[in-house]
Structures are given as C-alpha cells and as structure tokens.
Amino acid sequence: MKKQREKHKNSTRELMGITEITDYSLVTPYGELVYFIIHPTNISVLSESSVSSRIYALMTVLKGIAEIEMLCLNSKENFDDNKEYLKNRIEEEENPMIRKLLMQDSTNLDRMQVQMATAREFLIIIRLKNEKESDVFPYLSRIEKSLKDQGFTARRADNADIKRILGVYFEQNVTTDRYEDFDGDRWMVLGDA
C-alpha cells in the first residue's frame with residue numbers, strides 16, 4: 001500500500017518524463033529539447049513554383065541539421081466532438097425551441113472554427129546531448145539564422161512557449177493564458193508557512 005501511495009506522489013512533469021523546464025528548453029532523460037516555432041505560410045494562395053521553392057528552402061534547412069525533429073500542433077481548439085454532439089442532439093430533440101437553440105450553437109461553433117482555420121503551429125525540435133554549455137547558444141543561433149535566411153518566420157521558444165506547447169500537446173488546452181511551473185502553483189500564498 002505504501003508503494004502505491006508513493007507512486008501517486010509524482011508530479012505531472014515527472015509523469016511526462018520532464019526533468020526541468022529552463023528558459024529556453026525542456027530537459028529530459030533523453031536529451032535537452034530546444035524548440036523553434038515556425039509561423040506557417042498560407043500555401044493555398046501561393047503559385048506552384050512558390051510552393052516548390054518553400055519546400056526546397058525547408059530541405060536546405062533540414063540538410064544542415066542532423067539532430068532535427070519536427071512537430072505540428074493545433075494551436076487552437078478543435079470543435080469536431082462538440083459539433084458531432086450537437087448534430088446528434090438536434091436529430092434527437094423533439095422540442096422545436098430547443099432544436100433551434102442547438103442549431104444556433106452549431107452555427108456558432110462553425111463560425112469559430114472558420115476563424116481558427118489557420119491555427120497550426122509548426123515546431124522544429126533540436127535534441128541537445130552532451131554539448132558543452134559554451135557551444136549551445138552559438139549553435140542555436142546558427143539554426144535560427146539558417147531558418148530566417150531561408151525565408152521562414154521563426155523564433156526560439158521561451159519558457160512560456162514551452163509550457164503552452166506542453167499544454168496543447170498533452171492536454172489539448174489552448175485556452176489557458178498562463179501555465180504553472182509546478183502543480184498547484186496558483187494555490188501557493190507567498191509568506192504562508
């Protein structure tokens with residue numbers, strides 16, 4: 001029983017395999033992860049040759065970095081489950097006034113989803129392993145410069161970005177403005193012993 005209680009003492013970060021969240025990275029037992037956020041280009045308005053040049057630019061960046069990983073996230077909420085629920089409720093509902101309200105809710109969700117249609121976030125992840133601390137920042141600066149030289153709008157993620165990325169990836173929570181450093185951090189009162 002004692003062993004079982006100890007198992008539940010793990011923090012959320014420990015359960016996700018995160019040792020530390022620094023000002024610029026996520027430290028894990030498998031290496032330190034540095035994230036670069038790339039703002040997407042709306043390729044639907046580009047010509048075929050422009051799309052090809054964007055692909056070539058990305059290939060150029062990828063060729064120069066051996067340790068690169070990529071991730072694409074929704075950076076806004078997904079309403080598909082809500083819309084499916086409302087659709088089923090509309091079909092089942094017998095009261096015309098309730099049905100009308102449900103249809104208005106469904107229309108509102110459609111409008112919200114259209115407004116968020118381009119809400120994707122692309123991340124390039126660099127996994128640092130055994131790099132000397134003095135070499136890390138020049139190396140990361142070269143990667144950021146390479147992305148910008150190839151025409152990408154990119155920046156290195158900071159502490160707040162990393163916590164938001166974790167919130168979206170693990171929890172699908174895109175509505176929180178501030179993520180805590182520690183579980184229950186918001187309930188701590190300064191000077192309270």
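A contact is counted here when heavy atoms lie within 4.5 Å. By this criterion, among contacts in the protein chain with a separation of 6 or more, 69% join residues 24 or more positions apart. The structure is a predicted model, in which local features need pLDDT of at least 70 and side-chain atom pairs count only at pLDDT 80 or more, while totals for chains, interfaces and linings use all residues. Residues are numbered from 1 along each chain as its sequence is written, and side-chain values use heavy atoms, with hydrogens and water left out.

The protein chain contains seven helices and six strands; helices (H or I, at least four residues) and strands (E, at least two) are DSSP runs, numbered from the N terminus. Read from that end, the order of elements is α-α-β-β-β-α-β-α-α-β-α-β-α. Of the 193 residues in the protein chain, 29% are buried, where buried means under 20% relative accessible area, exposed means over 50%, and partly exposed falls in between (1.4 Å probe, protein chains only).

Turning to the interior, a nonpolar core is a set of buried Ala, Val, Leu, Ile, Met, Phe, Trp, Tyr and Cys residues joined through side-chain atoms within 4.5 Å. The largest such core has 18 residues, and F36, I126 and L147 have the most contacts inside it. At least two residues of this core come from each of strand 3 (31-39), helix 3, strand 5 (120-128) and helix 6 (133-149), with helix 6 giving the largest share, five residues. Another core, of 13 residues, lies apart from this one and includes I21, Y35, I37 and I162. With residues up to four places away in sequence set aside, I126 touches E32, L33, V34, F36, I65, E67, I68, Y139 and I143.

Beyond its neighbours within four places in sequence, S106 is in contact with L86 and I90.

Y56, a residue of helix 3 (residues 48-63), is exposed, since its relative accessible area is 52%.
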